[in-house]
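Me: Hi! I have a model open and would like a hand finding my way around. Could you walk me through it?

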Amino acid sequence: MYKAIFFDIDDTLLNFSVANRSAFVKSFGEFNLHHDDLIYSTYKQINHLLWERQKLGQITVQDVINNRFKELFTALKVEINHDHFRDTFQGNLAKEHTLEEGAEEAIQYLSQKYKLFAASNSILLQQKARLHLAGLLPHFSDLYVSDDVGYEKPDQRFFQTCLARSNIAKEEILFIGDSLEADIKGATSCEIPTCWYNPKQLKNEQNLNITYTIQHLSDLTKIL
């Protein structure tokens, strides 16, 4: 019997693809910089490769945040204060809170039955602001975000710290996330039951032992 549900945030509860594009466009506009689909595609590729390296433990979340626009503007041969642009982008990103379909209904339903926690690779203040704007923050007992936890998913120490802070046994928790590598593999390595939110119907290429797989967040009301 589960006592608590742990949710990843980006691309599980909040639509990060929409947030990322919106913050990108706003930031380029504030700096009066030209942008188009090709430039955004280049940014997405750089960002994706950096996040893949983070999942492998080669770099940190902060490295991703610090370097993605440095690499982009270097590729574009644009001279700009990288740190200023980074901070502007992060500020705009903190205001983005588009929900994944069915997220609000799922949270309202589950919060009446379980304690809810959020677990994310990001910046605590940013994620707290976004959940607040989305109207979800009051439903959560606590937020575990990598810059505050001190470790990053899929590192076992991230999950172990979350368990210790929540004071709930691992078998009494269900961890829900969209990333097979960061969320599911990380939680599984700590023997935490998992629910893979898989709207794109990707293959479980690592043959991980996943407790549940769902395509829609509304499916949570059927299994919990």
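Predicted model: local features only at pLDDT ≥ 70, side-chain atom pairs only at ≥ 80, totals over all residues.

Me: Great, sheet to begin with. What is the strand order, and which way do the strands pair?

Reply: The order is β3-β2-β1-β4-β5-β6, an open sheet of six strands with parallel pairing. β3 (140–145) and β6 (212–214) are the edge strands, each pairing on one side only. From one strand to the next, the twist averages 20°.

Me: How many bridges link β2 and β3?

Reply: Five bridges, in the parallel sense, with β2 covering residues 115–120.

Me: Where do the side chains of β5 point?

Reply: T194 and W196 point one way, while C195 and Y197 point the other way. All of these are buried.

Me: Which helix lies across β4 and β5?

Reply: That's α9, residues 180–189, which runs at about 170° to β5.

Me: Is α9 mostly covered or mostly open?

Reply: Mostly covered, with seven of its 10 residues buried. Those are L180, E181, A182, D183, I184, G186 and A187. They pack against α2 (37–55), α8 (156–166), β4 and β5.

Me: What about S179, is it buried or exposed?

Reply: S179 is at 11% relative accessibility, so it counts as buried. You'll find S179 in the loop between β4 and α9. Leaving out residues up to four places away in sequence, S179 touches K55 and I184.

Me: And what follows α9 at its other end?

Reply: E191 follows α9, and its phi is positive, near 60°. E191 is not a glycine, and it sits in the loop between α9 and β5.

Me: Why does E191 count as exposed?

Reply: Because its relative accessibility is 56%, and the cut-off for exposed is over 50%.

Me: Where else is there a positive phi without a glycine?

Reply: Look at D11, where phi is about 65°. D11 lies in the loop between β1 (4–7) and α1 (16–30). With a relative accessible area of 24%, D11 is partly exposed. For background, most residues other than glycine have a negative phi, and most peptide bonds are trans.

Me: Speaking of peptide bonds, which residues does a cis one join?

Reply: K153 and P154, with omega at about 10°. P154 is in the loop between α7 (146–149) and α8.

Me: Changing topic: how do α3 and α4 cross?

Reply: α3 (residues 61–76) and α4 (residues 82–93) have axes that come within 9 Å and cross at roughly 120°. That angle is why α3 is oblique to α4. The crossing is right-handed.

Me: Which residues meet there?

Reply: On the α3 side they are I65, N66, R68, F69, K70 and F73. Their counterparts in α4 are H82, D83, F85, R86, F89 and Q90. By class, this contact has five nonpolar, three polar and four charged residues.

How values were computed: Residues numbered from 1 in each chain as written. Heavy atoms only, no water. Axes fitted to C-alpha atoms, helices over the stretch in contact; angles between N-to-C directions. Helix = DSSP H or I, 4+ residues; strand = E, 2+ residues; numbered from the N terminus. Parallel < 35°, antiparallel > 145°, perpendicular 65-115°, else oblique. Left-handed = near helix turned anticlockwise from the far one by under 90°. Contact = heavy atoms within 4.5 Å. Nonpolar A, V, L, I, M, F, W, Y, C, P; charged D, E, K, R; others polar. Pairing = 2+ DSSP bridges. Buried < 20%, exposed > 50% of the residue type's maximum accessible area, 1.4 Å probe, protein only.
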